[in-house]
Amino acid sequence: MSRARDRILGRLRDAQGAHASHDSVLSREPTDIQRSMIPPREQSTQERTEQFIRAAEGLGSFVHRVGSPGEAVEQIMTLLDGDTRALAWDDDQLPILDLRSVLESLGVGIAAHNDDGARVGITGISAALAGTGSLVLESGAGRYRATSLLPDLHIALLTPEQILPDLESWAEAQRETGYRAFRDSSNTIIISGPSKTADIGHELVKGAHGPRELHILLLGD
C-alpha cells in the first residue's frame, strides 16, 4: 500500500512540475511577431470585393450586385415575395436612404424588432471579411440583434468600402478606435453563411440556429 501511495504522490509531483513549467511559459513577455491566419497581400477594392463574393458564395450565401438603391429595393421586394411585413434596422443604420419609408410606401410594414413571425430581416453591416466571406454585425441602438437571427431569410446590405481583407484587419481597426465594437455595442457577431449544423447523424440541416438563407446585397458598381 505504501508503494502504491508513493507512486501516486510521485505522479502528482511530476504533474505539478509540468504545470509550473507551463505557467512559466505563459508568464513570458508576448512576442512581437504576429502571423495572420490568411497571408496578407495588397489588393484593390475591386480585387477584395471579388474575393469576398467568391468566399461568401462558397459558404452558401447569395450575393446580388445592385448598381443603385432603386435596384436594391427591387431585389428586396423580389425576396419578400409578397410578404407584407419585415424586420429592419433603423434607416440611419442602413446604406439606403429612407429604406423603411420606401418599403412602407410599397405595402411592406416594418414589424416590431422582436416580432418572431416576420420571415425576412433587413440589416446593414459593420464590416465584411474578404478572406472568409463573413459579415460582422454590431448590435446597438437601431441595430436590432433579432433582425439577423429570428427571420428565416436575412438580407444584409453593404458597400464595397466596408469590405476588409480579413478578421485581423477588423481587429486592428478596432484597436485603433479603442475597441468600439466591444465598448459601445450590446454584442458583436460574425456571420459566415446561413445557419447550418450537421451535429445529428452528420446530416446537414439549414436554419437550425438562425436564418436558412442569407442574401447579401452589394451596392455600387
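Colleague: Which side chain does the side chain of H64 make a polar contact with?

Modeller: That of H215, at 2.9 Å. A polar contact is a pair of N or O atoms within 3.5 Å; within protein, one must be able to donate a hydrogen and the other to accept it, and residues adjacent in sequence count only if both atoms are side-chain atoms. Mind that this is a predicted model: local features need pLDDT of at least 70, side-chain atom pairs count only at pLDDT 80 or more, and totals for chains, interfaces and linings use all residues. Residues are numbered from 1 along each chain as its sequence is written, and side-chain values use heavy atoms, with hydrogens and water left out.

Colleague: Is H64 buried or exposed?

Modeller: H64 is buried, because its relative accessibility is 18% (buried is under 20% relative accessible area, exposed over 50%, partly exposed in between, with a 1.4 Å probe and protein chains only).

Colleague: Switching topic, how many salt bridges are there?

Modeller: Six, a salt bridge being a side-chain nitrogen of Lys or Arg within 4 Å of a carboxyl oxygen of Asp or Glu. One of them joins R175 and E172, with the closest N and O atoms 2.1 Å apart.

Colleague: Where do R175 and E172 sit?

Modeller: Both are in helix 5 (residues 167-176), three residues apart, so about one helical turn separates them. Helices here are DSSP runs (H or I, at least four residues), and strands are too (E, at least two), numbered from the N terminus.

Colleague: And what does R212 pair with?

Modeller: R212 forms a salt bridge with D152, closest N and O atoms 2.9 Å apart. That pair links distant parts of the chain, 60 residues apart.
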